[in-house]
Amino acid sequence: MISIQNISKWYGEFNVLKECSTKVNKGEVVIVCGPSGSGKSTLIKCVNGLETFQKGDIFVDGVSVTNKKTNLSKLRSRVGMVFQHFELFPHLSVLQNLMVAQCRVLKRGAKESADKGMKLLKMVGLQAHAAKYPAQMSGGQQQRVAIARALAMDPIAMLFDEPTSALDPEMIREVLDVMVNLAKQGMTMMVVTHEMGFAREVADRVIFMDQGQIVEDKPKTNFFKSPETDRAQLFLSKILSH
Amino acid sequence: MVRTLEITIVAGIAGMLLGTLIAVMRLSKNPILSALAATYVTAFRSIPLVMVLLWFYLLVPNLIKKVIGNPNLDIRLLSAFIAFSLFEASYYAEIIRAGIQSISRGQVSASLALGMTVGETMWLIILPQAFRRMVPLLLTQAIILFQDSSLVYVMGLVNFFGVAYNTGIRDGTLVELIFFAGAVYLIICFAASTLVGKLQKKTT
């Protein structure tokens, strides 16, 4: 589904990503973790071309992200993305947030978009809030709307960039619950997160990054039981001990 | 007073539209578009308004008359509209550019990630938010424009101030009428500024 092949990226002199390669198969849930500044967010943003890179290539459902002939907007519309800071559109109501791209990009009618939007709001437990504006909601609710917004495009895969990092602790669970459900429904997911409990629950594979490199990439149980590298061990001990 | 308002409204709207276009050009990744927009803004902001008006009064009408071929056509008002619009556009462009830049990059990313094009993102997501934030600044600029519109006298056009001046000369009450005109400007601008201030409190 998603194939990342030897990508490297530089910000001027600084080498953010070094020869990163991995694959996410259909229906797989892959967790990307690692210390801050390790390039995990940058890597996930490369998948739908929000970040460019200088070397290597990424294929989403067989379509190259770097090929100039690729319709990048179309590719992005097929890959949902959820951001750390929600990024709901503040000037639109919750339902409008879910409708705007459906109408514009998928050319769905207003009625159809609204129905789809309401169905997804129901799924994330927020159908009563359709007419509200994002500023009137809690962070956890906003993030659930953001997930629904991405799902409204009927994506073939979902990317999550630290979806719970900006949330108060008591709101993390409600967002993770939505993500767990999604994973159980068979959605292909790539998730940058520090939530190791979530990783244990639904991940198929865990990727550990450090200093722009993919240091470990292995099935969940192997990763948690026997991380090969010292760096991964150190990271795990720090993150699991608190 | 009608003429003054006419110029304020026409130049305000035209300036805002052109200013938006220039602001978007200036922020575009295309270096040629961006440089063109930057040159436009710098040029018009460096020249006093009176000079812009005089150029349009002295040069452009002659040019247009030559093209149209009717030497008696009165296009002073049209020239004034164009001159003010072009001049105001450079100021509006800077306000709008700042407004666009105040919207976080994340909003652009979120919109692009949904598959919307750069144009759709600008039009549906960024500009509506930017304009909401900019309303007070845009109105303040409109108030300045309202005051500046009195400068059309250099083009031989009569506006509110001009009428007051001429009436004063005719009746020998020049001082009174100039004070009167000043008071009217003061009242209108003060009222408008108060309104803007209230609006600003509401939006922030």
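# Notebook: chains A and B

**Entry 1**

I began with A:Phe86, which sits in the loop between strand E6 (79-82) and helix H3 (94-105) of chain A. The model is a predicted one, and I read every value below as computed from it. I looked up the backbone of A:Phe86 and found a positive phi of about 65 degrees, although the residue is not a glycine.

A:Glu19 belongs to strand E2 (residues 14-24) of chain A. I noted a relative accessible area of 44% for A:Glu19, which makes this residue partly exposed.

**Entry 2. Helix H6 of chain A**

Next I checked the length of helix H6 (residues 169-184) of chain A. With 16 residues at 1.5 Å a residue, the helix should span 22 Å. I found its end C-alpha atoms 23 Å apart, which agrees.

Which residues of H6(A) are buried? I listed A:Met171, A:Ile172, A:Val175, A:Leu176, A:Val178, A:Met179, A:Val180, A:Leu182 and A:Ala183. As background, an α-helix has 3.6 residues a turn, so residues three or four places apart point the same way.

I then looked up what covers the buried residues of H6(A). The cover includes three strands of chain A, E3 (29-33), E7 (157-161) and E8 (188-192). It also includes helices H4 (110-123), H5 (139-151) and H7 (196-202) of chain A. Just after H6(A) I noted A:Gly186, whose phi is positive at about 95 degrees.

**Entry 3. A histidine in a loop**

I looked up A:His129 and placed it in the loop between H4 and H5 of chain A. At 17% relative accessibility, A:His129 counts as buried; the cut-off is under 20%. What does A:His129 touch, leaving out residues up to four places away in sequence? I found A:Val94, A:Met137 and A:Gln141.

**Entry 4. Salt bridges**

I counted 19 salt bridges over all chains. I followed up some of them in chain A.

I found the side chains of A:Asp61 and A:Arg78 meeting in a salt bridge, 3.0 Å from N to O. A:Asp61 lies in the loop between strand E4 (55-60) and strand E5 (63-64) of chain A, and A:Arg78 in the loop between helix H2 (72-77) and E6 of chain A, so the pair ties together parts that are 17 residues apart in sequence. I put A:Asp61 down as partly exposed at 39% relative accessibility. A:Arg78 is partly exposed as well, at 32%.

I then turned to A:Arg144 and A:Glu174, whose side chains meet in a salt bridge at 2.5 Å, N to O. The pair links distant parts of the chain, with A:Arg144 in helix H5 of chain A and A:Glu174 in helix H6 of chain A, 30 residues apart. I noted A:Arg144 as buried at 11% relative accessibility, whereas A:Glu174 is partly exposed at 24%.

I also looked up A:Arg205, which forms a salt bridge with A:Asp217; their closest N and O atoms are 3.0 Å apart. This pair too links distant parts of the chain, 12 residues apart: A:Arg205 is in strand E9 (residues 205-210) of chain A, and A:Asp217 is in strand E10 (residues 213-219) of chain A. A:Arg205 is buried, with a relative accessible area of 13%, and A:Asp217 is partly exposed at 33%.

**Entry 5. Contact between chain B and chain A**

Last I looked at where the chains meet. The contact takes 18 residues from chain B and 20 residues from chain A. I noted a buried area of about 1,600 Å² between chain B and chain A, with 66% of it from carbon and sulfur atoms. I found zero salt bridges between chain B and chain A. Polar contacts between chain B and chain A come to three residue pairs, both residues being at pLDDT 80 or more.

Which helices of chain B each supply at least two residues of the side that touches chain A? I noted helix H6 (105-113) and helix H7 (118-148) of chain B. H6(B) gives the most to that side, with seven residues. I sorted the residues of the side of chain B that touches chain A into eight nonpolar, eight polar and two charged.

Definitions and conventions. Residues numbered from 1 in each chain as written. Chains lettered and ligands numbered in written order. Predicted model: local features only at pLDDT ≥ 70, side-chain atom pairs only at ≥ 80, totals over all residues. Heavy atoms only, no water. Helix = DSSP H or I, 4+ residues; strand = E, 2+ residues; numbered from the N terminus. Expected span 1.5 Å × (residues − 1). Buried < 20%, exposed > 50% of the residue type's maximum accessible area, 1.4 Å probe, protein only. Contact = heavy atoms within 4.5 Å. Buried area = accessible area lost by both parts, 1.4 Å probe. Salt bridge = Lys/Arg side-chain N within 4 Å of Asp/Glu carboxyl O. Polar contact = N/O pair within 3.5 Å; in protein donor to acceptor, adjacent residues only side chain to side chain. Nonpolar A, V, L, I, M, F, W, Y, C, P; charged D, E, K, R; others polar.
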